[in-house]
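Q: Please take a close look at the aromatic rings of this structure. I am new to it and would be grateful for a connected account.

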Amino acid sequence: MRRRAMLEGCAAAVTVPFLAACGLLEGDAQAVDELAFDPDDFTTRKKTVATFERDKKVTYRFYDNVVYVAKPVDKTYQSLNVSVPVEIEGRSVDASRAPILFSNSVGGYLSSAAKSDEPDGGAKRNRDLALAAGYVVVEPGVRGRDLVAPDGTNYGVAAAAIVDLKAAVRYLRHNSGRVPGNTDRIVATGISAGGALSALLAASADNRMYDRYLVELGAADASDAVFAAAPYCPITDLEHADMAYEWNWGANPLRSGELDATVSHDLSTAFPDYQAALELQGGDGFGLITAANYGNYLVRTYLEPAATKYLHALPDADRSSYLAANTWITWSGDRAEFTWPNFLAHVGERKKGVPAFDAFDLSSAENNLFGSGTVKARHFTLFSLRKATGDPGAVLDSDLPEKISMMNPMFFLRQRNPARAKHWWIRLGTKDTEASLTIVGNLAASLANLGDQVDASMYWDAGHASNEDAADFVAWIGKVTGYTA
């Protein structure tokens, strides 16, 4: 309403400044910028954020359900919220050049509306602390695999979610100077499938593969590059996820039911060729990462440091009790040491069956993700397609290879995409059996091998969607963006 009144009030204006103020495009007095952000259309909210220092009272401007494309398929999901701090602990804050935390709430590749209130969790903790640090917080909604039109068409399957996130970033960049915050300092984050999408967004920046989908939505003609990314436990590299899962967790029992040992073996033995093709070098002089030495690589690079940090943080008595209950850990010189097989035994049961992602019966979330039209779910690997159909010559549907690539950050990293984000914060729990630990291992190594700044670590004994160092993450944003409130 405010925007309409503003346009009506400026109807007689013909100068460029007035046209700009009215949202009219320069050089065309008849054209209206449908994607212009209205900086005056907000409500004022207050919240108290618990930080490690103290509780902080934050007053912020809240822009609710801003549609970010000109031709939305579903406004419920193709909208975003913007929170802009204006006062922290009674002190005025100017967030006009603050970094933007771009936080999606996607889980399971399901649809996600822009959220202003949700249960406490890792994502909400990051957003609240970012707001209390003086950063702008943007929460984009996206379409997901569960959305079905009345005619039975699945309109949120691949690659809708990543296209929507790109459109939302383009909207922010298109509105640079109107939307609060520094649109050159966007930090994308998410958890699980949302973590995968934040990694994909950062890795695939400005790639032309998505252009036709963005044009169909009326997305802004702007860059969709982000400055940094913080994927938590990303469920990604889906076309290789089954073989990686069996290589990692194949020896671990399933929580309920039985595993097909032959299928597990066949998938596991396919992993070495894939890993070899990546040609990744481990840090600190480790050398080439192969399937044969990957267990040792994970132990040395992530698992022992995570256990060491965990044990150091325990009171002496609790540390002694933990070590007494876990004699497979050697506490030598204030450092935890152990073997890969003993770690696997410690984790115990695996979460998923076999295949973990491309299920033979098409029952997985990922099968649904790669549905099309009125077909709810499809196979996206030749292994599962041929096993399920019994046809050794079966091939994937012709549209799938491109869509599979469009959903995988590793595809763009192997192309050395120059527009990718160069700053990364990656986290995973050591007891997270939703995916193979190699997913994070390969993502982080790929980025490091490209020369990017990577802060990757794991939380000891933590499960899926863990976030144990939110304050450190928010401080990291300030460090890499060079911003202080």
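A: A residue counts as buried when its relative accessible area is under 20%. The model discussed here is predicted. By that cut-off W460, at 4% relative accessibility, counts as buried. F343 also counts as buried, because its relative accessibility is 0%.

These two residues belong to a wider set of contacts. Across the whole structure, a search finds 26 aromatic pairs. One of them joins F37 and Y63, whose ring centres are 4.8 Å apart and whose planes stand at 50 degrees, a tilted arrangement. F37 lies in the loop between helix 2 (16-21) and strand 1 (43-50), whereas Y63 is in strand 2 (residues 55-67); the pair thus links distant parts of the chain, 26 residues apart. Both F37 and Y63 are buried.

F343 and W460 form a tilted pair as well, with 6.1 Å from centre to centre and 45 degrees between the planes. F343 is located in helix 12 (residues 340-347) and W460 in the loop between strand 14 (453-459) and helix 18 (470-481), so their pairing ties together parts that are 117 residues apart in sequence. Ring pairs also place F343 and W460 in a cluster with W247, F271, F286, Y294, Y297, Y302, W328, F338 and W340.

Rings take part in contacts with charged groups too. The ring of Y210 has the charged end of K166 sitting over it, 4.5 Å from the ring centre. Likewise, the charged end of R125 sits over the ring of F52, at 6.0 Å from its centre.

Conventions:
Residues are numbered from 1 along each chain as its sequence is written. This is a predicted model: local features need pLDDT of at least 70, side-chain atom pairs count only at pLDDT 80 or more; totals for chains, interfaces and linings use all residues. Side-chain values use heavy atoms; hydrogens and water are left out. Rings of Phe, Tyr and Trp (its six-membered ring) pair if their centres lie within 6.5 Å; planes under 30 degrees apart count as stacked, over 60 as edge-to-face and the rest as tilted. Helices (H or I, at least four residues) and strands (E, at least two) are DSSP runs, numbered from the N terminus. Buried means under 20% relative accessible area, exposed over 50%, partly exposed in between (1.4 Å probe, protein chains only). A charge sits over a ring if NZ of Lys or CZ of Arg is within 6 Å of the ring centre and within 35 degrees of the ring normal.
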